[in-house]
Amino acid sequence: MSRLAQQPGERIDRSQPVSFTFDGKPAAGFAGDTIVSALYAGGRRVFSRSFKYHRPRGELCGCGQCANSLFQIEGAPGIRGCSEPIREGLRVVHQNAWPSLDFDVMRATDRVGGPFTPVGFYYKTFIRPRRLWPVYEKVLRSAAGLGRLPRRQDEREWETEYRRRRCDVLVIGGGAAGLAAATRAAELGADVVLCDEDAVLGGLLGIEGGHERVRELEGRARDAGVEILSGAPALGFFDGLVPVWQGSTLHQVRADQHVVATGAIQQPLVFADNDLPGVMLSGGARRLAAAYAVKPGERAVVATVDDRGLDDALALSAVGLDVVVADLRPDAGGGELAGRIRAAGITLLTGHTVVRAQGRDRVERAVVAKVDARGRALGDGSTHDCDLIAVSGGSAGALSLLLQAGGRAIYRPEIAGFAVTELPAGLHAAGAAAGHDRAEAVEVSGAIAGAEAAAALGRSPNGVADARERLAQLPAAAPVATPPAQASDGGRRGKAFVDLDEDVTVKDIKRATLEGYDSLELSKRYTTVTMGPSQGRFSQLPAARVLAAETGLDLGTVGLTTARPPWSTVPMGVLAGRPLEAAKRSAVHRRHEELGATVRWAGDWRRAYDYGDPVGESVAVQAAAGIIDVSTLGKLLVRGPDAGELLDRLYPNRMSNLAPDRIRYGVTTSEAGRITDDGTVCRIDDETFYVTTTSAGVAGVEQSFTWWLETWGLNAHITDLTQGVAAMNLAGPQARGVLTGLTDLDCSAEAFKYLDARHAEIAGVPCMLLRIGFVGELGYEIHCPSVNAEHVWDAIVRAGSKVGLRPFGLEPQRVLRLQKLHVIVGQDTDSEMTPYGAGMDWIVKLDKQQDFIGRWALEHTAAHEPSVRLVGFTTPGGELPTEGAVVLGTDGAPEGQVTSARRSPRLGQVIGLATVPAALAGDGAQIWISDAGRRIAATVTTKPFYDPEGEVLRS
Amino acid sequence: MRELFRKRRMWRSRPDLKKRYDVVIIGGGSHGLATAYYLRQLGITDVAVLEKGYIGSGAAGRNTTILRSNYKTPEGARFYDASVKLYERLGKEMEFNLLFSQCGHLTLAHTDRALFVMANRAEVNRLQGIDSRLIGPDEVKELAPTMYVGEDTTYPIMGALYHPPGGIIRHDAVVWGLARGADAGGAEIHPYTEVTGLQRSGDRITAVQTTRGTIQAGTVLNCTAGWSSLICDMADVPLPITTHILQACVTEPVKPFLDVVIVSSQMHVYLSQSDRGEFVMGSEIEPWTTYRTSGTLNFLQDLTRHTLELFPQLEQARILRSWAGLCDLSPDYSPILGQTEVENFHVSAGWGTYGFKAAPIVGKTLAELVASGRTPDLIAPFTLERFYEDNLVSELAAAAVSH
Ligand SMILES: Cc1cc2nc3c(=O)[nH]c(=O)nc-3n(C[C@H](O)[C@H](O)[C@H](O)COP(=O)(O)OP(=O)(O)OC[C@H]3O[C@@H](n4cnc5c(N)ncnc54)[C@H](O)[C@@H]3O)c2cc1C
């Protein structure tokens, strides 16, 4: 393993060797190494195979932004090898190559397929015969994709967390600008959080020899109390909420002010075979040396259009590479750097650039030539032996977050790229993201942004004007040459890539343009340029240049594609946080479990479906008594001088004339007159009503009641008591006897009538008792504080055990209520059912004075025969239809459906509810049910099967 | 094979608008372009498609491309089935591979209530001759072997509605193929041409104002989906439509892992794996109304959490991109299609989260309407009038999450 001598500011700890494996073979590095830096030090140059052509690819950016070194680690695909640290025992494998990274049979698609797979290939082929497409598709599918996911995994293994953080200022980017901004704002008293995607702060400054300065800036930031999150990319800007991913934590940061100091991304150059391993961004090559003491090559050709490339060339030369520089600018920028290059004895070819890379599976030579404005070589140029082509194609500001936050991108020719204007209030840009590229200007711009953020928070920074003045005085950055869309020696061989992730070439974009895909958005969709894992960081600008050259439009008009979150790709496990689903359980749930109940979901609730013997349970209720936990019912207290008026406007029936201690059934409807919920309304006193809703409906009912209350401005308020109050229904011929033994209340039929409500103590607990009967028997719904619910339940079960009382679950309840044709909203009604269709004509009081929700629609409905009606039915042949089976109309077409069906143990027949065409809704009508191919005859009935006159209920 | 290498423009760029067209179609999404395409088959070629952005820049280019016909109402099932059948032939007819993958569509049931709704859908579908049936957990496991089908989870899979002909298609290819076909027949496609006003005089639209001048039209078709109520406002035709956003996202591509479309209404998620290897995922429509297509963090959080309940191994799959598109929601989750009170002004609206699958049949029926002046039977249940007559076609149970 070869390493350079100790580099100032290097990130590796040479005293801590780390061993890991790559494709099963041992590999080694030091603590602080990334996968790529360690493998590179070990001599590896090929890190991946490309998406489409399986061409070998080397490292590109060196900092976790490119898709050239994506690896698989255990079950995790897409690991960024150039930023992922190595750990002892890590098992790293390559992606998308078979049988091995160095020999990949799919490479054939490049060698022979290249010319045969033009852009848009799939759209134009495999069209017929159509039945063969699934076969082709299978082949295509298995060729696609990069990494692999485990086929089986029973549960999540990765524990992740959300953390919420509120602060004054969030600074995104921890380079010189970000650190200066954070420090300044914090020193002015602001609560500041700073995040950076790199594990080490300092950004470019740290790599470009400024590590001492970075240490100072970081120290000051910490002293000022800045909370620093490193190895933590900000993922997006969601109306001011910024998720920041750090390891297993997703910080959700909400700040008043945002400083975006995300730097700039060095851009590649486009020439023939610009993807050969060994073609690297000059900043990436420099980073390998500076941060990891890895020598990126022996002989380098540096091709640049800006000063950054020159600076990188000097650095590469300083670590012992033999360097030749080709600077596209006729005067190499004309600044001090060109002088230093010459002084260092480095060959500097001005007006030149690389037009072709040569070599078998890795760079062996670079062809360098003087080019015209369109990038075409003037003359033959010269060939240079080298193992590294380090390119600097200018910088593209990392603008995504600024754009997501509402900034607008405009093209600025002097930087050969886009900048952001029209930043919304509270958003500040600093450093290279704001177009500054000299170290001093970067830092000053950061301090200004920090001060401005603090000022916006009401602090009074001084010296801001001076700093602005100073910034304006600083020498302007050296001019950048606009790289041609493609530099070319005119030869036809080789591919010039615009997008390495997606294997999109210049030719592809040109061809697409000719075919009519002549805007960046269309081109992106057709060629897939910018759609790969590096999200267009290195391909957006080059693609726009090709498009501009082809269409004759200027770059500003071609523009950028829409910036979309996330800015860094992020594992789903991080976004998901803890695997947590809220389940509601009633206050007596423990009892159900002790009794061995079959517990199932009912909306958000866990409920007892039965206690193992649904038939026996239902028989017990009718023969003696039963008790069912109905705590899931929604319970609202509506109170105030206008409470009655409010309910009159919310329900189609009348509620304000209800006497205290009396109960009325009601349904609510939508404005279209469709049933939305049902329940009972009980008047407690003049100004107080106790309203129950269905278990699933309470949230919606509460929301709608509150909304209307606000809209109408009535004097009342609504309190949701659902969780605080438990409820159980004691029913059956023996119910009165059981209750009498537990209370002083006079429970006689005369004193406590059907639809009466009473307050009384049951087993010493203050309760509210509603005499209603969903299951059709004499019954009491007992509401008590949740804390006492187990006590009340126990007392009733104990008292009832003498007379044969049994707890019963939802299933027997369903059978019992079906015998009474009692409707379950949401089961027997769907989103289109009106009270008329449900056979509840009596519940709509169109003679009511008030306008009420749904009145207009219900008046209309009342005048028309509903298309279907809800009725009861029996099947004379005894077949039990599936719930959901179709009811046929007279012409045999599907018209209605079976909404409930059960075999009633008591009646000894199959009974049900169904929506049927109005013409067939009369007693005794014959209907046909179509059930998964079966035809079942059924007879309609509109009267309850059990106790049709309600004598039992009232007894 | 030679065709493959011919560089032929898909559609011509048209420098100027003419003064008048027989038919002006507002909206260059899948419906507008399909209408132009089918008009050509009926011999109507003096047609302009006006699109304010690039073609397919609206929901057509943002949707998650689920095609299916297992709807709940007979009217809906019949209509969508006709569309899927057209899609099956469309690629061949247009000589453009739409990458239509009829890989099968599974709607999961996690409660007996859901099973009940699905049983009804399966039966309605069966009676219409649509391949759709209820299956149990074991068969679900066979179709989606990588999914966790155990009982010990928050949302156990109790069964599923299986619809073998359902699947996914390449949305852009549909847009481009239709555009090419329409263009070849003479229709003019005008991108970057926004309609800014409609002049109405009595029962007729007399002129269409655009950012590139005012033009006359024999018939005007509003195919603007998410923007449809704005265009109708210009004609003084109120639509019972609210516009919301629907969000979606994709992961980085991985090797083949999932061969069917999975939908869980209760968990508000659906996903498929594209031919490129990306997981394409989405959720339900956002409840608030807006024309702003920026996404939310909540969407990503809820969607990932729920998806991981079904596929825990996706915890390491990386989200690459997310986006949002507009959806025009009608009160009964069925479209509003055909004539309005204005004689020469027809609409295609109310597509909510499910309109892409309807593009061919919308194009075909609207073209017939324009050509004959009569509403085709297939779309008669979907007229705007139904909201005045209260003849709703409720697809709430079948369309809310499963687009
Ligand atoms: C995220 C998402 C996922 C979806 N998933 C599915 C799915 O899986 N299956 C499915 O079937 N459906 C799905 N849909 C719904 C489907 O995409 C839409 O219903 C359908 O595309 C609408 O028809 P369209 O293609 O014609 O609309 P669009 O593509 O929106 O076309 C309307 C066009 O009108 C243009 N326009 C608007 N105003 C003007 C004006 N004033 N002048 C000129 N032009 C104008 C717009 O720019 C737009 O291009 C989804 C939608 C979204 C947003």
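**Notebook: chains A and B and the ligand**

I began with one bridge between the chains, and found that A:P571 has B:R318, in strand 16 of chain B, as its bridge partner. The model is a predicted one, in which local features need pLDDT of at least 70, side-chain atom pairs count only at pLDDT 80 or more, and totals for chains, interfaces and linings use all residues. Residues are numbered from 1 along each chain as its sequence is written, while chains are lettered from A and ligands numbered from 1 in the order in which they are written.

**Entry on the chain contact**

I looked up the strands behind that bridge: strand 28 (residues 570-571) of chain A pairs with strand 16 of chain B in the antiparallel sense, over 2 bridges. Strands here are DSSP runs of E with at least two residues, helices are runs of H or I with at least four residues, both numbered from the N terminus, and two strands pair if DSSP finds at least two bridges between them. I then took the whole contact, to which chain A gives 76 residues and chain B gives 72 residues, two residues being in contact if their C-beta atoms, placed from the backbone, lie within 7 Å.

**Entry on the ligand**

I found 40 residues around the ligand, the closest being B:G27, B:G29, B:G58, B:G325 and B:G355, where a residue is near a molecule if its C-beta atom, placed from the backbone, lies within 6 Å of it. In chain B, helix 2 (30-41), strand 12 (242-251) and strand 16 (318-329) are the elements that give two or more residues to this shell, and helix 2 of chain B gives the most, with 3 residues. By class I recorded 16 nonpolar, 19 polar and 5 charged residues in the shell.

**Entry on the domains of chain B**

I next looked up the division of chain B, which has domain 1 (17-65 + 171-240 + 331-399) and domain 2 (101-167 + 243-329), with bounds from an automatic or database domain assignment. Their centres, taken over C-alpha atoms, are 29 Å apart, and the contact takes 16 residues from domain 1 of chain B and 14 residues from domain 2 of chain B.

**Entry on a sheet in chain A**

I traced an open sheet of 6 strands in chain A, in the order 38-39-40-37-31-41, with mixed pairing. Strand 38 (757-762) and strand 41 (806-807) of chain A are at the edges with a single partner strand each, so one side of each is left without a neighbour in the sheet. Strand 41 of chain A pairs with strand 31 (residues 626-629) of chain A in the parallel sense over 2 bridges, and A:I627 has A:P807 as its bridge partner.

**Entry on the backbone**

I noted a cis peptide bond between A:P565 and A:P566, with omega about -5°, and placed A:P566 in the loop between helix 18 (555-558) and strand 28 of chain A. B:T65 is not a glycine, yet has a positive phi of about 60°; B:T65 is buried, with 25 other C-beta atoms within 10 Å, the cut-offs being 20 or more for buried, 12 or fewer for exposed, and partly exposed in between, with C-beta atoms placed from the backbone.

Definitions and conventions: Nonpolar A, V, L, I, M, F, W, Y, C, P; charged D, E, K, R; others polar.
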